[in-house]
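Please examine the sequence and the structure shown here.

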Amino acid sequence: MNSKTKLFIQNSLIFVSGIIFSILITSWAFSDHFFKLTMDGYIHLERFKSIKEALENNSLPPLVNFIGFGNVGEIFTAMYPWLTGVIFIIPELLFSNPMHALFFGFTLLNFLTIVNSYLMVRYLTKNIWIRLVGITIYELNAYHMALMYSRNALGEALAYTFIPLVFLGIFKIWNHNSRGILITGIGMGLVINSHVITSLVITAIIIIIESYRILTKKFTFEELKHFLLSALIATLISLYQLINMIWIICQNHIMLTWRGIQTVSLKNTFDVMLNNQITDHQDVFNMGLLPSVLLIFFSFIALSEKKGSWKKYILLSLILFFLTFDFITYPTWLTKSFAGTIQFAGRLLGFVVLFLTIGMVLFLNKRLSLKESKILFFTIIFMLSLMSENAVNKFHYLKNDDPIRYYLTSKNFNKTLSLYSYGSSDYILAKKDNKGYLKKTDTLPNKYLVTEHYDNLTLKINSKRKKNKKINFFFYKGISYNVTLNNKRITNYGHKRLNLHLEKGSNIVKISSGTAWWNYITFFISLITLFATILLTFCKHTIVSTPY
């Protein structure tokens with residue numbers, strides 16, 4: 001059997017094993033045929049409904065959300081990336097049972113995380129068992145399980161999936177492999193199309209790393225040129241989303257994400273790790289007991305050894321790890337600055353795991369034989385599989401641990417996602433004092449709702465007499481609206497908030513909005529750039545070398 005045949009069989013086995021393992025990891029969160037949903041998950045599934053319905057009608061979604069969010073006319077589609085969300089949206093188009101679609105979406109998410117992390121570690125070592133150790137750490141840590149199953153932070157989970165591609169590309173750029181330009185561009189473009197905050201954090205980390213390379217005189221003009229080309233590719237891949245956001249922000253004063261740095265409680269997190277739990281509480285974000293022990297162990301070795309390219313990744317992981325805890329008090333000027341965009345210091349744990357994975361793989365690569373690395377892999381995957389399955393099941397079967405908990409089944413899926421108004425004040429229009437127009441006690445338009453679709457909604461308002469009435473549906477500059485009252489089009493419907501001249505009796509109000517022509521152009525540019533770059537990446541000759 002020649003080497004090419006062996007490599008093909010090996011890759012095929014890894015591919016099939018990855019699929020089976022992804023199904024297994026997903027099944028933990030769907031035990032007894034229900035899925036435990038938290039607030040973030042509710043918001044994500046709500047916004048995916050609009051996009052799904054638009055695609056069913058062969059259209060891109062308008063920038064305004066008519067479905068859900070209290071029917072206030074939210075702009076999640078404009079402000080929150082959704083392109084990589086097709087991992088969850090396309091299954092909804094293919095499966096009649098929404099639970100089957102959700103299961104398929106999470107399976108695909110886990111599989112892509114495994115594939116992308118494999119592509120990264122494959123570049124770091126030729127030892128297949130060490131590669132599998134790296135994949136296991138990146139996939140089965142508690143932080144990743146929490147992203148998906150207890151926080152339901154689907155945007156962040158999608159970004160986590162594509163982060164390894166960014167660093168694979170960076171390694172190639174450092175080693176003068178021009179293919180790294182394409183891979184970094186693809187990875188960063190997909191991260192931006194998943195979660196804006198993560199893309200800002202990863203940009204800051206790359207700037208810090210490249211600043212270190214400048215100080216150590218490893219940075220070159222060629223490297224700068226390659227990074228600029230990668231940034232151009234990433235910008236084109238995310239052009240649709242970036243233009244939408246800029247279009248809205250430049251014309252409207254809206255409530256953006258709050259700024260602050262909420263740290264992780266060292267004591268509480270230690271207790272949570274010992275109890276092997278995952279939760280959606282930001283003060284106990286953690287990556288699990290075993291990865292934490294591994295980080296401390298390798299940190300001691302890194303501090304005691306003088307040489308080794310692996311050291312800087314472990315030490316960077318350790319620094320980021322310490323930055324998450326509450327023994328550090330961040331000054332107000334910092335928390336209210338650009339740095340405060342991160343909101344939760346625990347979000348750094350995704351990068352802690354990433355650099356731990358890279359550092360471990362590089363360390364083990366020159367120290368373990370195939371037999372030793374094989375034993376290590378089976379030990380780690382056995383321990384992490386047991387711990388992750390146990391943690392997910394503990395959260396899954398714990399009922400009513402928070403007021404915002406929903407237990408989705410095939411029967412209650414659609415009904416549950418139509419009952420609540422979470423996210424109704426996100427991205428809402430703001431006053432001069434930077435407070436949103438919508439208050440918690442305000443009546444929402446869903447009180448009058450008759451029908452809702454991806455591009456319109458219909459309200460029925462009863463009035464005992466003729467009068468003017470303000471409804472908390474908001475109008476954003478830059479978006480074209482069409483409003484009818486009792487089948488008559490009206491143009492004087494209010495400046496920022498819907499203001500109606502009601503007739504006595506029943507009043508039918510219909511509000512609609514279409515997709516602008518330039519949305520199709522930017523969307524087309526994003527897709528063409530993505531597919532063309534992927535094609536070029538596969539076609540371009542690979543230069544194999546070890547990162548430094």
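**Cavities, pocket, salt bridges and surface**

The lining of the largest cavity receives at least two residues from each of α7 (142-150), α8, α10 (196-215) and α17. Helices here are DSSP runs of H or I with at least four residues, strands are runs of E with at least two, and both are numbered from the N terminus. The model is a predicted one, in which local features need pLDDT of at least 70 and side-chain atom pairs count only at pLDDT 80 or more, while totals for chains, interfaces and linings use all residues. Residues are numbered from 1 along each chain as its sequence is written, and side-chain values use heavy atoms, with hydrogens and water left out.

The largest cavity holds about 120 Å³ of space, and the whole structure contains seven cavities of 30 Å³ or more. A cavity is a set of points, on a 1 Å grid over the protein atoms alone, where a 1.4 Å probe fits but cannot get out; a pocket is an open set with protein on both sides within 12 Å along at least five of seven lines, and lining residues have an atom within 4 Å of a point. Grid points are joined across faces, edges and corners, and a volume is the space filled by probe spheres set on the points. Among the residues that line the largest cavity are Tyr 143, Glu 156, Tyr 160, Arg 347 and Phe 351. By class, this lining has seven nonpolar, two polar and two charged residues. Ala, Val, Leu, Ile, Met, Phe, Trp, Tyr, Cys and Pro count as nonpolar, Asp, Glu, Lys and Arg as charged, and the others, Gly among them, as polar.

Glu 156, one of the residues lining the largest cavity, also forms a salt bridge with Arg 151, with the closest N and O atoms 2.6 Å apart. A salt bridge is a side-chain nitrogen of Lys or Arg within 4 Å of a carboxyl oxygen of Asp or Glu. Glu 156 and Arg 151 are both buried, where buried means under 20% relative accessible area, exposed over 50%, and partly exposed in between (1.4 Å probe, protein chains only).

The structure has 13 salt bridges. One of them joins Arg 367 to Glu 305 at 3.1 Å, N to O. This pair links distant parts of the chain, 62 residues apart: Arg 367 lies in the loop between α17 (349-365) and α18 (370-397), and Glu 305 in the loop between α14 (289-304) and α15 (311-323). Lys 36, Asp 280, Asp 401, Asp 402 and Arg 405 are linked in a salt-bridge network.

The second largest pocket has a volume of about 1600 Å³. Its lining comprises 48 residues, and Val 115, Asn 116, Leu 119, Leu 165 and Phe 538 lie nearest its centre. Helix α5 gives the largest share of this lining, 10 residues. The lining of the second largest pocket divides into 31 nonpolar, 11 polar and six charged residues.

Ile 23 belongs to helix α1 (residues 3-27) and counts as partly exposed because its relative accessibility is 39%.
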